[in-house]
Amino acid sequence: MKQKVLALVFSFSFVNCMLFAFSKKDIISPASGVWANVQPLVLNVSNAAELYYSLTGSDPYESGFAYDGPIVIDETGDIEVKITSISKDGKREDFSVKYTVCPVTYKTNNPDTAVFIQNLSLNPIRKYVSGSSFSLPEGFMYSLTNEELPYLKENEISLSQKNSLERYIPCSVSDSKIAYHFVIHIVPENVLPNVQKELPFKIIDWETFVFTGNKLIYQIDDEFWNASKEPLKLDRSVSHVVRWQSIAYEEGNPVESFILPSKPSLAVSYSKENYVEISLAESDDASSYLLGSALLDNSNTFNSAKISSSPSKKLYADAFYGDNLSEEFDVGLYCSGLYQGSIKCSAFLDKQPSVPPSIEASFEGEYSRSAVTISIKSLPAENIFYAVSKPLISESGFSKLSDSLFDSVINENYSLYDGKPFTLVSKEQNATYYKVNAFSVDEAGNKSLLSEYSVIVDEYNYYLDETSSSVDGGDGSIKNPFTSFRRALGVINSRDYTRLFITGDVSLESGTAVIKKNCVLLGNESRVVFSPLSCVRVENSDVTLESCILEKHVSSVSGVVSENESVLRKHLLWASGGSLNIKDCEIVGVFENDGILLESENSKINIVNSGLTVQSFNYACNFSSSNAELNVSSSRITSIASTALNFSLTGGTCCLNNLSTMVIGRIGRAVELSGVEASLSDNEFSASLENENHNLSAVWKDVDSVIVLNSGNNESGF
């Protein structure tokens, strides 16, 4: 049965009765086995023992060395370390550890693993600062006890940044062929030196008061004033007041005082963050104390566990995943900067891991085109806790994958898993990244390693790159984009909504590319080059073009041209029903005789911050519409032909705002309206016409047309 942390209140008298004799578990290193590195000698010396050791087979007590701290046994081959413990009552116990060191040259292509092995060979005592990560070699198993072979697999282990306990613990790592054994020296983070308050007295081990002031007299409670520097014994079960002043007593001399509160007890509990919390048991005087490092007189005695922390209200003891902390140590207590003494404390923390749960997903890859169903399983009688990250949404479909971005997604809020499957879906029609983590908790309260599953659920975003080396024309994913617009069009028309990211130049094949479903075509100033016999037709769908360059060049041909070919040669875009939205685009059409850049019927057209140019020999028009709702703003519109028009509109409505238009040719107009309700504001209507006697205006309307707003417009060249 595994132990949990004991939540106890330790009194001084109780702990003083707890005498721990030296035992085999106090031999932190070396350990029996065959190792590829030299071994350190690290022993835990309690206050109840003196330790001696020898490396030659001789009697440690008679001809060995007194142990006063870790050393490196720089020997190879078969080695026996003999250890003798002498308790305070004179009892002797003997121990022996046999092991073998067979150095090898470890071959690896991983530079981190190579550095790790090299460091072990140089120094088998590795320092670790609490709160940081301790990296283990990739592909190795590890163990933090001398009783078990390496069996855990994790690239990094860590302790809480709050950890106040300095410890030496054994660690073994193995790749199943070669094994290394070493000691991890745990130290707290950023320990500040203990700065005691300057006072004319000191307290030795709670009860002994020694006055150290010069030319001062003192008084304890209501006793007589005196200047004695002889040690005094105080009853620390109650508080005392120490007063002092100059020996040259005069009326009005300042009297300084210091309150020595009664001696408190320690409370040791198990925090919800999964480490031991050491604090003061509740009492009237508890708030007067801070906890910190103990200042022991027997400083030459080495203990493998001790508090190494600046004074604070609480201390913490943490253990690595896979460790079983069971330590006795001294806690120093400070009152207003004055060291009072120490109290012995014991902490128990079992972090032997549970088995990680299994996260089962309906999709095993990293980029799913449909919703993903998740279920989580673990061993019987274990609870599963899981967390699903807040959806990380990308309007660009994660076109630029960032491992650091995904690594920054951290799950913190875990819930008890109810055993029911759940589903991950795209959010807001965008590519959505999820990270699912889960861990098991056994009956002893130990957590397993985190299991992790991550996926991009992208039901809407596709990619087109003609230069890609995609297999079989691509599947439209980031790593395997489509290599032709025709293939992308098939997917667009098979789904309710699609976002297509275009990279580089794209050639539009002959024929009418009919878009029947809602979509967005996004290019990073990518060029879509139309063949002379191609056009794009939007039918009853909502289509957006953004940051694209559309080009069509139609040259003269000999022979008879069919009616269908004639229509294709005259158009670039065609909208029938639905809506067409153009933003931040450049659209250029150069036609043979007649040309219309965009023709629409019963459609809604929105154009913003774009440049549109149409050129042909006889007739050129940027917009020709029937019963359309046209909104164009902040754009350049240029038409070049013998007869040049920017807008030729019949029926419907139009709103033209902040446009710079130009017609170049023999005759031409900026706007022709027939049965249209129009709003024209802040536009520059310009012309360069050969016929100087044309008597034309920039805007023409018939009797059925109404211009509801006509302000801020300028005309030139008409």
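Two strands pair if DSSP finds at least two bridges between them. Strand 8 and strand 9 meet that rule in the antiparallel sense, over 10 bridges. Strands here (E, at least two residues) and helices (H or I, at least four) are DSSP runs, numbered from the N terminus. You are looking at a predicted model, in which local features need pLDDT of at least 70, side-chain atom pairs count only at pLDDT 80 or more, and totals for chains, interfaces and linings use all residues. Residues are numbered from 1 along each chain as its sequence is written, and side-chain values use heavy atoms, with hydrogens and water left out.

- Ser-54 has Lys-82 in strand 8 as its bridge partner.
- On the pairing with strand 9, Ile-83 has Phe-95 as its bridge partner.
- The hairpin of strand 8 and strand 9 has 4 residues between the strands, and Gly-90 there takes a positive phi near 90°.

**Aromatic pairs**

- Rings of Phe, Tyr and Trp (its six-membered ring) pair if their centres lie within 6.5 Å; planes under 30 degrees apart count as stacked, over 60 as edge-to-face and the rest as tilted.
- The count by this rule comes to 26 aromatic pairs.
- Phe-22 and Phe-95 have ring centres 5.3 Å apart and planes at 75°, so this pair is edge-to-face.
- That pair links distant parts of the chain, 73 residues apart: Phe-22 is in the loop between helix 1 (12-16) and strand 2 (27-29), and Phe-95 is in strand 9 (residues 92-101).
- Both Phe-22 and Phe-95 are buried, where buried means under 20% relative accessible area, exposed over 50% and partly exposed in between (1.4 Å probe, protein chains only).
- Tyr-386 and Phe-422 have ring centres 5.2 Å apart and planes at 25°, so this pair is stacked.
- Tyr-386 in strand 32 (residues 383-388) and Phe-422 in strand 35 (residues 422-424) are 36 residues apart, and their pair again links distant parts of the chain.
- Phe-422 is buried, at a relative accessible area of 15%.
- One aromatic cluster is formed by Phe-201, Phe-209, Phe-211, Tyr-218, Trp-244 and Phe-258.

**Charges over rings**

- A charge sits over a ring if NZ of Lys or CZ of Arg is within 6 Å of the ring centre and within 35 degrees of the ring normal.
- Arg-369 lies over the face of Tyr-462, at 3.6 Å from the ring centre.
- Lys-162 lies over the face of Tyr-316, at 5.1 Å from the ring centre.

- An open sheet of 3 strands has the order 24-27-28, with antiparallel pairing.
- Its edge strands, each pairing on one side only, are strand 24 (289-292) and strand 28 (338-350).
- Strand 24 pairs with strand 27 (residues 324-335) over 4 bridges, in the antiparallel sense.
- Leu-291 stands opposite Leu-333 in strand 27.

**Nonpolar cores**

- A nonpolar core is a set of buried Ala, Val, Leu, Ile, Met, Phe, Trp, Tyr and Cys residues joined through side-chain atoms within 4.5 Å.
- The largest core has 59 residues, of which Leu-500, Leu-573 and Phe-647 touch the most other members.
- Helix 5 (residues 485-492) gives the largest share of this core, 5 residues.
- Apart from this core lies another, of 37 residues, including Val-242, Leu-260, Leu-333 and Ile-343.
- Beyond its neighbours within four places in sequence, Phe-647 is in contact (heavy atoms within 4.5 Å) with residues including Phe-623, Leu-630, Val-632 and Glu-672.
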